[in-house]
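Please prepare a short briefing on the structure shown here.

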Amino acid sequence: MSDEYGVYYTRGLGKRQVARARNLIWWRLGSMLFSAALAGAAWYFWPDQFGEWAPWVIGAAVVTGLVSVGLSVVQFVRVDRDAKLARNGLAIGLNRDGMLIGQRWLVWPEVGSVVVRPGTLGSSTSLVATARDNSTARVPLDYTDTMPATLDSAVRVLSSGRAWVDLSRLD
């Protein structure tokens, strides 16, 4: 395919995002342990002032810390999943015949819809192309070198108006 418009993955971004999400888990776990240890130390050294409140403070630190760590684990899993999709090289290729999204080639008459879905809890904003047979192909846009509106313009021009990128979910 000789692409007239190519969108490429940003080299090394996936590894950096995974490392950042992993470090966030360790940071939140350490913060939880530090908060509980600090409350425990205050209880030990000043039992008269903190005696009746210390178990509640320690419990609150542990519970909120575990919730925070749990959310970080969910974020890590989503970032890792997206990073595995983001291989080096071409992510989206467009020409007058059709589009290559991920590893799937679709000619313009086969394209049912192209939608940008915002990411949640660490997952990337995704470009999802649905073919007329209801099969889908997905590309994590946050790992590429393009903006959704730029991609929409290229799709509209190269498909001669037969397809466009639905950006309404980004509002």
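The notes below go from the whole chain to single residues.

This is a predicted model, in which local features need pLDDT of at least 70 and side-chain atom pairs count only at pLDDT 80 or more, while totals for chains, interfaces and linings use all residues. Residues are numbered from 1 along each chain as its sequence is written, and side-chain values use heavy atoms, with hydrogens and water left out.

**Chain overall**

- The chain has 4 helices and 8 strands; helices (H or I, at least four residues) and strands (E, at least two) are DSSP runs, numbered from the N terminus.
- Read from the N terminus, the order of elements is β-α-α-α-β-β-β-β-β-β-α-β.
- The radius of gyration of the chain is 23 Å, whereas a compact globule of 171 residues would have one near 16 Å; the radius is taken over C-alpha atoms, and the globule rule is 2.2 Å times the number of residues to the power 0.38.
- Along the principal axes, the C-alpha atoms fill a box of roughly 80 × 30 × 25 Å.
- Of the 171 residues, 36% are buried (under 20% relative accessible area, with exposed over 50% and partly exposed in between; 1.4 Å probe, protein chains only).
- Contacts (heavy atoms within 4.5 Å) between residues at least 6 apart in sequence join residues at least 24 apart in 61% of cases.

**Sheet**

- An open sheet of 4 strands has the order β1-β2-β3-β4, with antiparallel pairing; two strands pair if DSSP finds at least two bridges between them.
- Its edge strands, each pairing on one side only, are β1 (5–8) and β4 (104–107).
- β3 and β4 run antiparallel and are joined by 4 bridges.
- Leu-100 stands opposite Trp-105 in β4.

**Asn-95**

- Asn-95 sits in the loop between β2 (90–94) and β3 (98–101).
- Asn-95 counts as buried because its relative accessibility is 7%.
- Its side chain reaches the backbone nitrogen of Asp-97 at 2.8 Å.

**Asp-82**

- Asp-82 belongs to helix α3 (residues 54–85).
- With 0% relative accessibility, Asp-82 counts as buried.
- A polar atom of the Asp-82 side chain lies 2.6 Å from the backbone nitrogen of Ser-124.
- Leaving aside residues up to four places away in sequence, Asp-82 touches Ser-123, Ser-124, Arg-138, Pro-140 and Tyr-143.

Notes. Polar contact = N/O pair within 3.5 Å; in protein donor to acceptor, adjacent residues only side chain to side chain.
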